[in-house]
Amino acid sequence: MSLSYQALVAAARGEQDKTRALTSELASWAGPRRALILTQRAYHARALDAAGQGDFEAAYENAANVAPPGTLDHTPQGLWVLFDLTEAAMRTGRPDAARAHVQAMLDTDVAALSPRLAMLVAGATALLDDGTNDAFDRALTMPDATRWPFDLARIHLTYGERLRRDRATTDARRQLSAAREIFSQLGAAPWAGRASSELRATGQPVAHNQRPDPVTLTPQQQEIATLAAAGLTNKQIGERLYLSHRTVATHLYQIFPKLGVTSRAALRDALSGHEDRDEADQ
């Protein structure tokens, strides 16, 4: 398997150290040789790794290095980050960039190139939050969608997140359970962990032995959550930690479902319970 595909697999599995090592090696080799497609693949793997960890600011920056918003470079990598860039743009407060990228997909009729791309275009369109779920349903019912299980599971996950936000709990659980099962089968631990966190946020318990990856907060997420629980605004947290308010918001977006809460007011109790569980596991 080439370095680029090893990096993508490592990113999907949440093997961060391996992903960093492989993408650094890939970029170092490709740079002097001006092998653009290999450089793009390194950015793609980094974007995938960041998205799996919930760092959508980093995911956006890396995906945009492959295909800037609103443009489509018709290389394999430019097409592969269609969904990654759109999702990261929406999650980091860049809806205009997301819409421009989806419009570029529609203008160039990318969906006609392959069933997989048709599924990704429909999935990316669904992320624009137009008040309906038609595009999600269309993406999930594309012919042969199961041939691309990782892409399919990501659409199940984002659909489930949308439904949970809209308080359609039963439907959300169905989509999130499908996502978790596929990710678990693929060994995509951080993605299965995200689906499990979302399921817990719907009120559905997830047995410990069903979790492919324990729910943990990174040191930075722990600090952000603690400050938010103390009543600091995103801007104040950013100033204290030398982060942009957008990065703080991205982290909180990931922290809430991890802890099974939907508001800042519930963070203090959730953090207390989270620390108690960590101590019990040690």
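Modeller: Before we start, a residue is called buried here if its relative accessible area is under 20%, and please keep in mind that this is a predicted model.

Colleague: OK, is Phe136 buried or exposed, then?
Modeller: Phe136 has a relative accessibility of 1%, so it counts as buried, and Tyr159 counts as buried too, because its value is 7%.

Colleague: How many aromatic pairs are there?
Modeller: The count comes to 5 aromatic pairs. One of them is formed by Phe136 and Tyr159, which are stacked, with 4.6 Å centre to centre and 5 degrees between the planes.

Colleague: And where do those two sit in the chain?
Modeller: Phe136 is in helix H9 (residues 134-140) and Tyr159 is in helix H10 (residues 149-165), so that, at 23 residues apart, the pair links distant parts of the chain.

Colleague: What about Phe150 and Trp191?
Modeller: That pair is edge-to-face, with 5.5 Å centre to centre and 80 degrees between the planes. It joins helix H10, which holds Phe150, to helix H12 (residues 189-201), which holds Trp191, and the two are 41 residues apart. Both Phe150 and Trp191 are buried, and together with Phe183 they form one aromatic cluster.

Colleague: Switching topic, at what angle do H1 and H2 pack?
Modeller: Helix H1 (residues 3-12) and helix H2 (residues 16-33) pack at about 155 degrees, with their axes 9 Å apart. Since angles over 145 degrees count as roughly antiparallel, that is how H1 runs relative to H2.

Colleague: Which hand is the crossing of H1 and H2, left or right?
Modeller: The crossing of H1 and H2 is left-handed, and the residues in contact include Leu3 and Ala7 of H1 and Leu22 and Leu26 of H2.

Notes. Residues are numbered from 1 along each chain as its sequence is written. This is a predicted model: local features need pLDDT of at least 70, side-chain atom pairs count only at pLDDT 80 or more; totals for chains, interfaces and linings use all residues. Side-chain values use heavy atoms; hydrogens and water are left out. Axes are lines fitted to C-alpha atoms, for helices over the stretch in contact, and angles run from 0 to 180 degrees between N-to-C directions. Helices (H or I, at least four residues) and strands (E, at least two) are DSSP runs, numbered from the N terminus. Angles under 35 degrees count as roughly parallel, over 145 as roughly antiparallel, 65 to 115 as roughly perpendicular and the rest as oblique. A crossing is left-handed if the near helix is turned anticlockwise from the far one by less than a right angle, and right-handed if clockwise. Contact means heavy atoms within 4.5 Å. Rings of Phe, Tyr and Trp (its six-membered ring) pair if their centres lie within 6.5 Å; planes under 30 degrees apart count as stacked, over 60 as edge-to-face and the rest as tilted. Buried means under 20% relative accessible area, exposed over 50%, partly exposed in between (1.4 Å probe, protein chains only).
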